[in-house]
Structure formats: structure tokens, C-alpha cells
Amino acid sequence: MKNKIISGNSPRKKNMFGFLFSLKSPVEKKLKNITLGTLAAILAVFPAYAQSRLVFIYPPLNLSLGVDSLELFANEGVINKELAYYMNLAGVNEEEKEAFREALLKKADLNPVEVSRFFNSPMGQELLHRVGHLFSIQGGRNGLYAIRGAMVQAAFDEEGLSLLNFLRHLPVNMQFNLEEILKAATYLELLGQETSAIVTEMKTISAQTREQETVPNFSEIRDIRQRGDYGVGPSRRLKLFDQSREREFEVVLVQPQRWREGKTPVIVFSHGLASRPEDFKEDVLQLASYGYVVALPQHPGSDLNQLEEMLQGFSREIVKVDEYVDRPLDVSYVIDELERRNRTEFEGRLDLNNVGAMGHSFGGYTALALAGANLDFDTLEEICGQELWGPNLSLLLQCRALELPRKEYNFRDERITSAFVINPVTSAVFGARGLSQITIPVLLAAGSSDPATPAAIEQLQAFVWINTDDKYFALIEGQAHVNFSKLDAQMKAVLDSLPDLKLPDQTVIDTYGNAFLVAFAEVYVAENEEFRPYLTSSYAKYISQQPNPLHLVQDDAEIPLSELFNSRKASRTPAIHPRNIIPNND
């Protein structure tokens, strides 16, 4: 690959600084507001004889900026001649100057010991390895260890972890690889464009679909956002031990107060990474009130306890790699246990031949694996082996699967006959080949503001790849992976430090969940066709609310939405795989 000087008027040929400050979309504005601060955090400080210079490497250019210029600007608001050169080069306005100054001084209120332990974990180390590719030790060696040392020292410093204080603690000569940063910024820009395009397409396709739907007047029929008629009985916590794996874990059982006639439908809900069954208990009370028994297994090795053990120094791992195997086996074992208890504790009423699997994030992986998706090591190697990753935090989790023994894994449980997955991780660990093995009904729910599992990469592609006509794609504008109302004080402080961050209305999102969990379960677990009108674009439009509108589309033989997404996406932007989206300067 030949290095070239970028010039001209198109965004990909502007100078680096002009490019960054030309971004205008909401996603791009967030990038613009924090980029100079981020640059400061990952630039290099040269030795004392160079008077602490930050060096921008963009072959054949080699530009530098004194740290003292940044300190003067951050502390006093004074822009000296040297810094003014860069400000003018970038065309920075007064609002952007102030945002840059705030970014330099903004303190992240984090526990320094926990910062150290996180960045010494495999996932934390992999994250810094990726940053270290952009910000390397002078001569080209990855900057992982220098960055980690500076972050930890700054966190322990009485001034705390800020971008400016981070700069002061960088220990060695380093270089900022501006060309690679431009590629990463372009990837983020294209992902933002793709996400915006998906929202637009969803609105268009939903409107077209509504014209073809025949549905009742929803104001005159049952409101399934409200609790059902069966009440909610007491929940139970069981301790289970799978002797074949020597694995002990708990499961929370939530059941109705009164049993429905005939067989009782059963759902197993798998929690996400660093989570726990209790985090979703309130969500599944809705299902219990409609007559369901819902089991929420704990997944030791990837739950909240595992995260706390890492932060307390009792483990180096946020997630144990065996969880890719143990999680689906946990769910199958829970169904086995319910079969053993069915006659004695439930009078044989549980329907365990038609179980619904539901899950969030890593729990979405779990449900899809049980639905028939296969691990695809070739896709994992291809995506994870690239030096430059896109803005997809879930790769830190998915790429851990490469540590598994290479063999065929089959987690398909025939008792699972449908899957409802929320923000699932899919793209690398399953890929197109793995997801094409799924033939049962699936509903994928995504959020347009999800940084952990971006909808364009993790859910839309999965929707296209899953090999069943009976599949749904629900998109919530502004949903961002987690329930922000349940975050601890420290994480809320981190979020408060992010500029222009608008949190979704969790109450609105919860009403969507109440409705579609019930609708999907009734149609595909309880086999109650009376609820099918709720699984329509028309119903999604009926319950949709600001500030987080909801869109739902279904793929079937008459409306092949997967092909429509593929054809429109192909005509609009490059494929969102990193090998196609990153500029080629050959």
C-alpha cells in the first residue's frame, strides 16, 4: 500500500483536521466534539529536549504541537501562535474550541484500582491493543503498555484521569498514526450514515407494509402493554448442579398466580454479559401475568459476579471463554430440570416441547445458538485478525471465542421452537454461514444508538442471514443496548462526561418490550393465532412514541424484506464489513 497526501474537497481527501470538523450528522457531531480531546489522549509526548511535543504522523508529513500549548489553552483559555495554526487548519469555530477545552479537562471519576484491573483483563488488553495500533511507540511498536501505564498513573494521580493528565504520564516516545485514524474516522462516519439509512428504510418499508395489512382497530381490543389476567405468583430460586460439567448455577422461576387452561407455555430468558437474572425479572413479570412460566438462569463465568471478581482482583477475566459453550448448555439443562420437576411440582402442565428462548446481548448469542446457529471460526479469524476494527465493541467479546478448541459445536435444542433476541452479538461469532442454519421463527430487536452491538452490523445482517421466512426485525430509535435507569453511580458519572449524549426514555422502551414479548410468545410459544395482529407494522406504529419511535418489519414469502434490504443497501453504500468500508490507498 502506498502512502499518499490527501488533498481536494471531498471528505476523504480533505486534511485530517478539516475532515474531522466537517462532520454534521448527530453521530458525526459526537465524533467531532470529542476528537481533538481523543487525539490529545492518544498522541505522543517526546522527551524533555523536545519540550514535550505531540507528533502527528501522516507520511510524508510530520507535524508537532507542544503539550505546554495545550495546558495553556486548557487552564487559561489562551490560544498561542502554535495552537492557533492547528485551529485555523481545522477551521474550528468558537463552540468547537470550547468543546475541545472541556474534553481536555473533563475528569473521569473512576476507581483507579478498577481501571488497572480492567485494562489488565483480556478484553481490556485487547481494547488497548486496538488503540495502540493507532497510537504506537516510536518506530511502530504497539502502544498498548505505554497507554495503559499512563491511564493507570493518571487515575491514581490526585488530579485524576483527564485527557490532559493522561498526556503528562505517557512514559516513552510515541507516534500518532494519523492515516489509520482517518480510516477509523471514515468507518465511523459510514456506520453513522448506514444507521441513519436503516432508520429511513425501516420507515419506508413499514409504511409500505401497513398498506397491505388487514388489522383490527387496536383501540378496541386488548392492550397487551398492560398486565395479563393470570396474575403473578411468587418467584423461586433454585440451585442446580450439572454433574456432567461439574457446573453449579442458579435459576429464577417466575410463574403465574393462576394457571391457564391446558398446557402452560414456558420461556427461558438468558441474561447478558456482566448481568444477572434479577436484572430482567421485572421484564418477564409481564409474561407470567399472561400465564407463562419463565426461567432465568444465572451464567457463572459471564455474569455480574464474574465482573465483580475481576474488579476485586480475584480473577483476570470479565468473561471466561468456556461461556460460549456453557451458556447454551445451561439453558438446555434448565429445560431438563423442568422436565424432571414437571409431574411432581407442576402436575405435568408445563409444555416443554415448545419452549421459547429469549436473551439480551450475550444472552442473544445464547438463544440463537440454541436455535441452531453454528460457531464460524473462519469468519472469526477473518474479522478479528484485522488490525483496524470498526466501532463495534462487541468484537471484544466475540473474538474471545477464537480461544475455544477448534471443532464442530452443535447447541441446537429441538425443544426450542422460537427465539426472541434483543441487541444480540452475531456478526463474527456466527457470521452468514452460522446464522443460515436457523430455521425457526425469530424476532430480532435492535437500537439505533447501540455502540456495543451496532444495529447495522449485529442485527440487520443477522436478519438477512437467518434462513427462515418467519422472522421479524424491530428497531427502536435511540435505544442504546442497556437500561440506563439501572446503572450504578460510577457508570452514570462516565456517561455524564460524554458530550451530546441523549439517553432514551426507558419507560417508552419498556412498553414496547411488554407488548412484543407477549405478542411473539403467544403466537409462537402458546400457538395462539389471535395475537398475530400485534406482530405487525401497523401495531408497532400504533404504540410508537417519541422520543424513541418503534418500527417493525416482517420477512415472508409475499414481502421478501431481506432481499429489499440487500438491494437497497448495495446501491447506497459499501458493504459494512471492515474490509470493504475502509479506504484503500493502493
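The chain contains 23 helices and 13 strands. Of its 586 residues, 57% are buried. Among contacts with a separation of 6 or more, 75% are made by residues 24 or more positions apart. The accessible surface amounts to about 25100 Å², and carbon and sulfur atoms hold 49% of that area.

Confidence comes next. Mean pLDDT is 83 for the chain, with 81% of the residues at 70 or more. Where pLDDT is low, the predicted coordinates should not be read in detail.

Now to one helix, α5, which covers residues 94–105. Its 12 residues reach 17 Å from the first C-alpha to the last, close to the 16 Å expected at 1.5 Å a residue. At the start of the helix, a side-chain oxygen of N93 comes to within 3.1 Å of the backbone nitrogen of E95.

Which residues of α5 are buried? They are E96, K97, A99, F100, A103 and L104. Viewed down the axis of α5, these buried residues lie within an arc of 160°, so they line one face of the helix. On the face of α5 turned away from the buried side are the exposed residues E94 and E95.

How values were computed:
Residues numbered from 1 in each chain as written. Predicted model: local features only at pLDDT ≥ 70, side-chain atom pairs only at ≥ 80, totals over all residues. Heavy atoms only, no water. Helix = DSSP H or I, 4+ residues; strand = E, 2+ residues; numbered from the N terminus. Buried < 20%, exposed > 50% of the residue type's maximum accessible area, 1.4 Å probe, protein only. Contact = heavy atoms within 4.5 Å. Areas by Shrake-Rupley, 256 points an atom, 1.4 Å probe, with all protein chains shown as cover. pLDDT = per-residue confidence, 0-100. Expected span 1.5 Å × (residues − 1). Arc of directions from axis to C-beta. Polar contact = N/O pair within 3.5 Å; in protein donor to acceptor, adjacent residues only side chain to side chain.
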